[in-house]
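Thanks, everyone. I'll take you through one chain this morning, so please bring it up on your screens.

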Amino acid sequence: MSSQQKQSASRAAGAPAAAEPTGPRPTRLSAAAALTAVEGLALAALGAYMLIMGLAGSPDSPQQAEMGGLTVLALALLPLVAARGLWLRRRWSRGPSLITQIVALPVAWTLVNGGGALIAAGIGLAVAALVVLVLLVNPTATEALGIGPRETP
């Protein structure tokens, strides 16, 4: 029986879940949560802008602009929920935040190759994504989230 099966069996038997991490939140974890939240808010602002311009502006395809805005708003939920989880020190939040940062890197590359003002946006996004990745793989952050080394069977 694997350790995950043992944990599932013990939880089903009414055993308490893993204890919540205690002590002060490390600065690294707070910074990762803040940067992830900023990324989510930027996505939400972009989605709202796209939606408003699809409704009030004169895009080539209003339906496409509206659907794009709704899609970007929905995508903004992942980093926002992950940021809240990181702030509250929930161990599940590390995965969605890492995924968000990994997905942000090709987006940043595309922005940098877009030229003009997009270069600055791409560089900013790349720097933020790399900083959050470094912060989240740091042992201080993983311990603060209650993620420790795997148990040996």
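Let's start with burial. Of the 153 residues in this chain, 27% count as buried. Buried means under 20% relative accessible area, exposed over 50%, and partly exposed in between, with a 1.4 Å probe and protein chains only.

Now the ground rules. This is a predicted model, with residues numbered from 1 along each chain as its sequence is written. Local features need pLDDT of at least 70, side-chain atom pairs count only at pLDDT 80 or more, totals for chains, interfaces and linings use all residues, and side-chain values use heavy atoms, with hydrogens and water left out.

Confidence next. Among the elements, helix α1, residues 3-12, has the lowest mean, 51. Helix α5, residues 118-137, has the highest, 95.

On to the fold. The chain has six helices and zero strands. Helices (H or I, at least four residues) and strands (E, at least two) are DSSP runs, numbered from the N terminus. Contact here means heavy atoms within 4.5 Å. Of the contacts with a separation of 6 or more, 66% are between residues 24 or more positions apart.

What makes up the largest nonpolar core? It has twelve residues: L29, A32, A33, L86, L98, V132, L133, L135, L136, A141, A144 and L145. The elements giving two or more residues are α2 (27-56), α5 and α6 (139-144). The most, four residues, come from α5. By nonpolar core I mean a set of buried Ala, Val, Leu, Ile, Met, Phe, Trp, Tyr and Cys residues joined through side-chain atoms within 4.5 Å. Look at L98 there. Not counting residues up to four places away in sequence, L98 touches L133 and L136.

Now go to the loop between α3 and α4. S93 lies there. Is S93 buried or exposed? Buried, with a relative accessible area of 0%. Leaving aside neighbours within four places in sequence, S93 is in contact with A82, G85, L86 and L145. R89 is not a glycine, yet has a positive phi of about 65°. R89 is buried, at 9% relative accessible area.

For contrast, take L77 in helix α3. L77 is exposed, with a relative accessible area of 52%. L77 and L41 are 36 residues apart in sequence and 9.0 Å apart in space, C-alpha to C-alpha.

Last stop, the second largest pocket. Its volume is about 580 Å³. Of the 18 lining residues, the closest to its centre are E39, L43, A104, V107 and L125. Which elements supply at least two residues each of the lining? They are α2, α3 (62-87), α4 (94-114) and α5. The largest share, seven residues, comes from α2. By type, the lining divides into 16 nonpolar, one polar and one charged.

That's the tour. Questions, please.

Terms used
pLDDT = per-residue confidence, 0-100. 1 Å grid on protein atoms, 1.4 Å probe; cavity = no way out; pocket = protein on both sides within 12 Å on 5 of 7 lines; lining within 4 Å. Points joined across faces, edges and corners; volume = space filled by probe spheres on them. Nonpolar A, V, L, I, M, F, W, Y, C, P; charged D, E, K, R; others polar.
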